[in-house]
Amino acid sequence: MAIERTFSMIKPDATKRNLTGAITKVFEESGLRVVASKRVWMSKREAEGFYAVHKERPFFGELVESMTAGPTIVQVLEGEGAILKNREIMGATNPAQAAEGTIRKQFALSIGENSVHGSDAPETAAQEIAYWFAETEIVG
Ligand code: ADP
Ligand code: MG
C-alpha cells in the first residue's frame, strides 16, 4: 500500500481532559507519523465550513457547538494506508459501538463528544488538509 496523508483532529472534549499526548501516542504506536500539528480554537464559521457536508443533519448545531467549545489539535498523519488505518484506530463514530482498543472506545464520551476526527477517503483527506494547513506547514 502507498504512503498516504490523512487529516486528524483531537477534539475539544479530549483537549479539555488533557488527552493530546495519550491520543497522539496511539497514532505513533500504530506507525502513523505526525507531519503537521497545531492547536486552534475554531470559530463558528470555521467549524460550519469544515463540517458543511453535515449541514442538513439534525446534529449540525450540536456539532458546531462542541467543536467551538475549546481548543482542537489539527494534525496531518502520514504512513502506509494512513486514511483507512486512522479510521480503524479511531473506532466507530458511536463509542458504544467502537471496537476494543480503539481511541473512541478508550476515550470518547458520547457520539457527539467522540474525541477524534479522521478523513474518510483520499478526496476528503486532501480537502481537509488544505482547509487547515499550508503546504509549508507540512514537514514529512
Ligand atoms: P465520523 O466522525 O466517524 O466520520 P460522521 O462524519 O458521520 O462521523 O459525523 C461527524 C461528527 O458529527 C461525528 O464525529 C460526531 O462528532 C458528530 N455526530 C455524528 N452523528 C451524530 C449524532 N447522531 N448525534 C450527535 N453528533 C453526531
Ligand atoms: Mg466523517
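Visitor: Which residues is Glu128 in contact with, leaving aside its neighbours within four places in sequence?
Guide: Contact means heavy atoms within 4.5 Å. By that rule, Glu128 touches Phe7, Phe50, His117 and Ser119. Keep in mind that this is a predicted model, where local features need pLDDT of at least 70, side-chain atom pairs count only at pLDDT 80 or more, and totals for chains, interfaces and linings use all residues. Residues are numbered from 1 along each chain as its sequence is written, chains are lettered from A and ligands numbered from 1 in the order in which they are written, and side-chain values use heavy atoms, leaving out hydrogens and water.

Visitor: Where is Glu128 found?
Guide: Helices here are DSSP runs of H or I, at least four residues, and strands are runs of E, at least two, numbered from the N terminus. Glu128 sits in helix α7, which spans residues 122–132.

Visitor: Which residues of α7 are buried?
Guide: Buried means under 20% relative accessible area, exposed over 50%, and partly exposed in between, with a 1.4 Å probe and protein chains only. In α7, the buried ones are Ala125, Glu128, Ile129 and Trp132. Looking down the axis of α7, they fall within an arc of 100°, so they line one face of the helix. That arc is taken from the directions from the helix axis to the C-beta atoms. On the other side of α7, Glu123, Gln127 and Ala130 are exposed.

Visitor: What do the buried residues of α7 pack against?
Guide: Among their partners are β1 (3–10), β2 (33–40) and α5 (82–90). Helix α5 has its own buried residues: Ala82, Ile83, Asn86, Ile89 and Met90. Down the axis of α5, these fall within an arc of 130°, so they line one face too. The face turned away carries the exposed Leu84 and Glu88.

Visitor: How far from buried Glu128 is the nearest side chain of opposite charge?
Guide: For charge, Lys and Arg count as positive and Asp and Glu as negative, while His and the chain ends are not counted. A salt bridge needs a side-chain nitrogen of Lys or Arg within 4 Å of a carboxyl oxygen of Asp or Glu. Glu128 has none, and Arg87 is 7.5 Å away.

Visitor: How many salt bridges does the structure hold?
Guide: Six. One of them joins Glu137 and Lys38 at 3.3 Å, N to O. Glu137 lies in the segment after α7 and Lys38 in strand β2, so the pair ties together parts 99 residues apart in sequence.
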